[in-house]
Each structure stands twice: as structure tokens, then as C-alpha cells.
Amino acid sequence: MFAHPDDEVFCAGGTMAKWAAEGADVFVVCATRGEAGQIRDSTTAVRRTLGQVREAELREACARLGVEQVVVLNYHDGTLQNVDLEDLAAAIEEVLTEIDPDVVITFGEDGAYGHPDHIAVGAATTLAVATMSRADTASGVTAPQLLKSHFPTNRLSLAERLAGWLVTMDERFGGSTDYGRALTLFAEESTTMRFASDEVEIVWYPHGTVIVEQGEPATSLCLILSGSVEVFEEDDELRHVLRTLTEGQFFGELGVAARQPRSASVAATGNVTCLVLSPSQATKYDGRGVGSRQFGTVPSDAGAETAPDDVGDGALRIDVCAYLEAKLAALAAHRSQYPIDVDAFPRSMLEEMYGVEYFRPVDPEGQTQEQP
């Protein structure tokens, strides 16, 4: 039971694919058509058609997950927090009673990242299941188990993982404008959902700006979104140009991966826009040059194996790596929101980010249950 198309993938896509493959009948109920969302691919929809398009994307995504049926309620995107809680719960209870599920999955109290629609759906579903449970107790029928999606904070660094991937390539990576857009969306969504912990910025550099300096700490990875840069070494006040980089190319990856000082400087040869991924947050007083703390310091455990924080003893952990292809295919079906080619990213990084899904079991009265 979710609020918008695409919620199903991030919250439980792998779990639904796993259960469907094991023979379970899986249903998705979505409160809205997502008509107030972004349009990130203008070829897919306009504002007037977005709700219809996103509903179709939802149905295609669910088909790729093995979901048997999709039910879309007629609420307007962005207004669920204004709907009377008992009225919303009654509408959800009516659908759930007809489906008669063994397990119901919805949002936790935080709505994944504080989204009001998510919070409203989670609260209404909790109330609906509690009402069903009380009625079932009186009739002797088993009530459904309620699971709330949980998104623990993951200390994984996209900058570190991408840097490690880049240095394994025989030739320097060369992407495209589309790749830059895809990585920007991927990074923003990943950090919003706490799948990664990087600071993500899009920074504009005027012509002539020295973006990184030779000898200073390498604590960020940059992808050129527009414009070009010149890479050069300095020796006894002489400047030796090594190469020119353009849209879709990275710089800074060698230093980030090895956590070593920059081996060269990079300057904008025109107005340049970059996606900047940093394992730690910059401060207003970070200096430049050798011995500086540009963009903060690299964490001492950067590049190490990570495990999500704040999982807690009450969380149910489901490994969905075997169903990652279905989950990623479902994500790709939401083209209006995520025009992303997931094959352009390291498989190991995708497994780290999306290979496990967490849920908190809730008792019939809406209280989180502790697991042994």
C-alpha cells in the first residue's frame, strides 16, 4: 500500500519479485497516480498527461516484478495529508478486505524521508489493519501481518565506489550528456532515500576557475555536465597541459579511490557545470592547496566495507540480490521519473545499495514488534 507510482520499487520491489517467484499472489495498491511529480523526460509526458503516464508506468513496473494486480485509488497526488485519516483508512480497509492479504507492506512513520503523502498512507494503512485485526479477532479470522518499510542510513559513498570502478578501466571513461543526467538523478535519489551518504552538488565554475589543485587532498569526484576542462601539471612555475576533458567525463577519481593528493590540477576552459560527489560535507572555511582541507576530510573508513546504521533489532532483513534484475527493470519502467540506464553503473555498487530491503513488523495495534 503506497502513495505514488515508483514507491513500490524503492520500498519493496525486490521482496515482491522474490515472493512472486516463490508462488505468492502479490497486489499493489497505490493511492494516487503521481500527477504532481517531476517530469524528468519531456518525451514521456506533459503535465496534463503525467498521471495517466505514471499509472501506465506503475503497471509496467509491477508486471516486471511479477505483481498479479494493481489497484489505483482516486486521490490527488500531494493532498493525502489533507484527507481525513479515518476516511483514508476506511478506503484502504475496503480494498484490503477484498484482497484478503496475509501480509501488508506500507511506509513507516517517517515516510521514508518525511514525504507527507507517504506518512499519511502509512498512518492510514496502520489504522486500517488495526481495525481489520479487531474485527478478525471477533470473527476468529487471522488478521494480516503489517510490515513497514525501513530505510537505514547507509554509509556507502558513491564517489568511492565509482572511483574504484573507473580505475579498473583500460581507457578513460567517456560518457554523454544523457549519462550525466542519469548519474545526477541516481545520486540525488540515492542520497534522499539514504542508500548512500555522499554530499551531492551541481556546481557552476566560471571560465578560468581552478577546480582542483595539484597536491591538495582528493576528497571529491567530479563529472562534467557541460563545458570542458584542462588537466595540467605544475613544475617550477611551468604548466604542462596533459589533456582536455569534456561532457560525460570524470576527473578526480584516482585520488578519491586511493585517498592520495591530487596528481594534477584541473581548470575550466569555459563556463563549466559539474556534478560533484563528496564523501564528507564542505565547510565555508576549507582552504585550498597542499595541506588544505578542501571539501572537508576524507573519512578514515572511506572505501571500507559498509553496513547500514540504525537498523535496530526489530528490523526484518530480506536479501533480494537474486531478484535485482527485476527490481532494476521495474525502476527503469518509471521513465518519466528515472530516465536512467542502470547498466551504466557498477553492478557491485547496485547490489550494495539495492540488494537488501528492510521492514519493521508491526503488531495488530500498530506497535513495532521486536525480532529475536
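So, strand 7, residues 221-226, is mostly covered: five of its six residues are buried, and buried here means under 20% relative accessible area, with exposed over 50% and partly exposed in between, using a 1.4 Å probe and protein chains only. Strands are DSSP runs of E with at least two residues, helices are runs of H or I with at least four, and both are numbered from the N terminus.

Before I go on: this is a predicted model, where local features need pLDDT of at least 70 and side-chain atom pairs count only at pLDDT 80 or more, while totals for chains, interfaces and linings use all residues. Residues are numbered from 1 along each chain as its sequence is written, and side-chain values use heavy atoms, with hydrogens and water left out.

Okay, what does strand 7 pair with? Five bridges join strand 7 to strand 12, running antiparallel, and Leu221 has Leu277 as its bridge partner there. Strand 7 also pairs with strand 10, again antiparallel, over two bridges, with Cys222 opposite Phe251. To count as a pair, two strands need at least two bridges found by DSSP.

Zoom out, and you get an open sheet of four strands, ordered 5-12-7-10, with antiparallel pairing. Strand 5 (199-205) and strand 10 (250-251) are at the edges with a single partner strand each, so one side of each has no neighbour in the sheet. Strand 5 is joined to strand 12, residues 272-278, by seven bridges, and Trp204 has Thr273 as its partner in strand 12.

Now, salt bridges. I'm calling it one when a side-chain nitrogen of Lys or Arg is within 4 Å of a carboxyl oxygen of Asp or Glu. How many does the structure hold? There are 14.

One of them joins Arg161 and Glu352, at 2.7 Å, N to O. That pair ties together distant parts of the chain: Arg161 is in helix 6 (residues 158-166), Glu352 is in helix 10 (residues 347-354), and they sit 191 residues apart. Is Arg161 buried or exposed? At 15% relative accessibility, Arg161 counts as buried, whereas Glu352, at 30%, is partly exposed.

For a local one, take Asp178 and Arg181, at 4.0 Å, N to O. Both are in helix 7 (residues 177-192), three residues apart, about one turn of the helix. Arg181 is partly exposed, at 30% relative accessibility.

Then there's Glu22 with Lys18, at 3.0 Å, N to O. Glu22 is exposed at 52% relative accessible area, and Lys18 is partly exposed at 21%. Last up, Arg33, Glu55 and Arg59 are linked in a salt-bridge network.
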